[in-house]
Amino acid sequence: MTATAAATTATDVTGARTPEAADVITGARERIDALDDRIIGLIQERMAVSAVIQEARIASGGRRVNLSREMEILGHYRDALGKPGTTVAMTLLELCRGKI
């Protein structure tokens, strides 16, 4: 492999056409990666809290899932994010309570 082939420039990696745009994209991607890490952590925290709720509900003789509460959550995400918010909420609910 030649030195030219081995050297990958920021513009190659980002798809930008100028070094300036490549710098902006690189910085923004770093921020997105940090945000994704925070989001993943929050989802994991939500899963743990949901498990506590399910355990308490089941221990008291209730059902694992409270459908009226899930409808509230779906509406909240839909109102905040539009139609795709419903998909996000459904994914979160599935992660937190499993498939029903």
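Q: How many helices and strands does the protein chain have?
A: This is a predicted model, and the secondary structure of the protein chain comes to 5 helices and 0 strands. From the N terminus on, the order reads α-α-α-α-α.

Q: What about burial and surface: what percentage of the residues is buried?
A: Buried means under 20% relative accessible area. In the protein chain, buried residues make up 16% of the 100 residues. The chain exposes about 7700 Å², and carbon and sulfur atoms supply 60% of that.

Q: And the charges: how many side chains are positive and how many negative?
A: There are 13 positive and 13 negative side chains, with the centres of the two sets 11 Å apart.

Q: Which residues of α3 are buried, and what covers them?
A: An α-helix has 3.6 residues a turn, so residues three or four places apart point the same way. The buried residues of α3 are Ala22, Ser50 and Gln54. Their cover includes α2 (10-14) and α5 (83-97). Just after α3, Gly61 takes a positive phi of about 95°.

Q: Is Glu70 buried or exposed?
A: Compare its relative accessible area with the 20% cut-off for burial. Glu70, in helix α4 (residues 67-81), has a relative accessible area of 10%, so Glu70 is buried. Leaving out residues up to four places away in sequence, Glu70 touches Val65, Leu93 and Arg97.

Q: And Thr87: buried or exposed?
A: Exposed means over 50%. Thr87 is found in helix α5, and at 53% relative accessibility Thr87 counts as exposed. Thr87 and Tyr77 are 10 residues apart along the chain, and their C-alpha atoms are separated by 8.7 Å.

Q: What share of the contacts joins residues at least 24 apart?
A: Take the contacts between residues at least 6 apart in sequence: in the protein chain, 39% of them join residues at least 24 apart.

Terms used:
Residues numbered from 1 in each chain as written. Predicted model: local features only at pLDDT ≥ 70, side-chain atom pairs only at ≥ 80, totals over all residues. Heavy atoms only, no water. Helix = DSSP H or I, 4+ residues; strand = E, 2+ residues; numbered from the N terminus. Buried < 20%, exposed > 50% of the residue type's maximum accessible area, 1.4 Å probe, protein only. Contact = heavy atoms within 4.5 Å. Areas by Shrake-Rupley, 256 points an atom, 1.4 Å probe, with all protein chains shown as cover. Lys, Arg positive; Asp, Glu negative; His and termini not counted. Charge placed at Lys NZ, Arg CZ, Asp CG, Glu CD.
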